[in-house]
Amino acid sequence: MNPVVDIDSFSGFCFGVTAAINKAEEELSTNNTLYCLGDIVHNSAEMERLSRKGLVTITHEDLSSLRNARVMLRAHGEPPSTYHRARLQGITLVDATCPVVLKLQQRIKADYDNARNSGHNLQIVIYGQSGHAEVNGLVGQTEGSAIVIESPDQIHLIDMSKDIVLYSQTTKSLEGFNAIVSAINTHKDPQTSFKYYDTICRQVANRVEQLKKFASTHDVVLFVASEQSSNGKVLCNHCKSVNDAVFMLATPDKLDPQWLKGAKSIGICGATSTPRWLMDNVADKVRLLTSGKSSFTAE
């Protein structure tokens, strides 16, 4: 009997990435070339597909040499300096910043501006991955003054004798955020104020439990994600925490038939950067390998 092949309905692009890709395809349907500042999504297969349509990925260094071009800002968002440079160079921006990220940028900027205008010596702290595109955009709202910490081990970077406000990168874990909050509460001066805002995107955060439930109900799980996807590695490890037979692969040709041996149910899932069409292609490869029509069968 052929195994049941099931694709996780919660996996794949978050709405911010979906909107950005839709906007890119819409632009490319009327223009031959569209530049994108950084990878629109951390998935090499999807990037290759969009490249064939005319999307050209550039760096911030490349941006300085462009004039009168159309440049897309991806869902991660950008600091104010990018908008300023674009205006000086006659660049038309196609802004695909995720609405959740945009709202967070505005909140951080408001806090920074209010503190600066009132003379309040406020420390803005961001729980996030240093150097990440989204975090760079958030720090940019504070003219580079925000403190970025990735774990409780780094709270020594914060001056505990000053007032603190804490925000989070939208794609970080709620568990990690709560650990930061607890660490600051433990070490801060009791005379200072500490406000914190859970700004984690629930569409992303809720995927951890959804994926763990999905992974636990299948004999074998194929986690589809590009090697450069940090989100993919994190989510795949969560799947492995409940199922030893979880295998990560970037494309269908990376599928090892031996992974499928003896499986009665095979689950296919992916990261927030994994396109649905790629998971479909992996499912097709699984069905081919387990159908008895190839040189390998799972029996």
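Colleague: How do the residues lining the second largest pocket split by class?

Modeller: This is a predicted model, and in it that lining has five nonpolar, four polar and three charged residues.

Colleague: OK, and which residues line the second largest pocket?

Modeller: Here's the list: D111, N114, A115, S118, H120, L122, D163, I164, V165, S193, K195 and Y197.

Colleague: Which elements give two or more residues to that lining?

Modeller: Those are helix 5 and strand 8, with strand 8 running over 164-168. Helix 5 provides the largest share, four residues.

Colleague: How much space lies in the second largest pocket?

Modeller: About 170 Å³.

Colleague: Switching over, what volume does the largest pocket have?

Modeller: That pocket comes out at about 980 Å³.

Colleague: Which lining residues sit closest to the centre of the largest pocket?

Modeller: T171, K172, S173, V204 and N231 are the closest, out of 39 residues that line the largest pocket.

Colleague: And which elements give two or more residues there?

Modeller: For the largest pocket you've got helix 1 (15-28), helix 5 (99-118), helix 7 (174-187), helix 8 (202-205), helix 9 (207-216) and helix 10 (230-240).

Colleague: Which helix has the largest share of that lining?

Modeller: Helix 10, with five residues. Helix 5 is on the list for the largest pocket, and helix 5 also turned up for the second largest pocket.

Colleague: Last one: how many residues in the largest pocket's lining are nonpolar, polar and charged?

Modeller: The lining of the largest pocket divides into 17 nonpolar, 16 polar and six charged.

Methods
Residues are numbered from 1 along each chain as its sequence is written. This is a predicted model: local features need pLDDT of at least 70, side-chain atom pairs count only at pLDDT 80 or more; totals for chains, interfaces and linings use all residues. Side-chain values use heavy atoms; hydrogens and water are left out. On a 1 Å grid over the protein atoms alone, a cavity is a set of points where a 1.4 Å probe fits but cannot get out, and a pocket is an open set with protein on both sides within 12 Å along at least five of seven lines; lining residues have an atom within 4 Å of a point. Grid points are joined across faces, edges and corners, and a volume is the space filled by probe spheres set on the points. Ala, Val, Leu, Ile, Met, Phe, Trp, Tyr, Cys and Pro count as nonpolar, Asp, Glu, Lys and Arg as charged, and the others, Gly among them, as polar.
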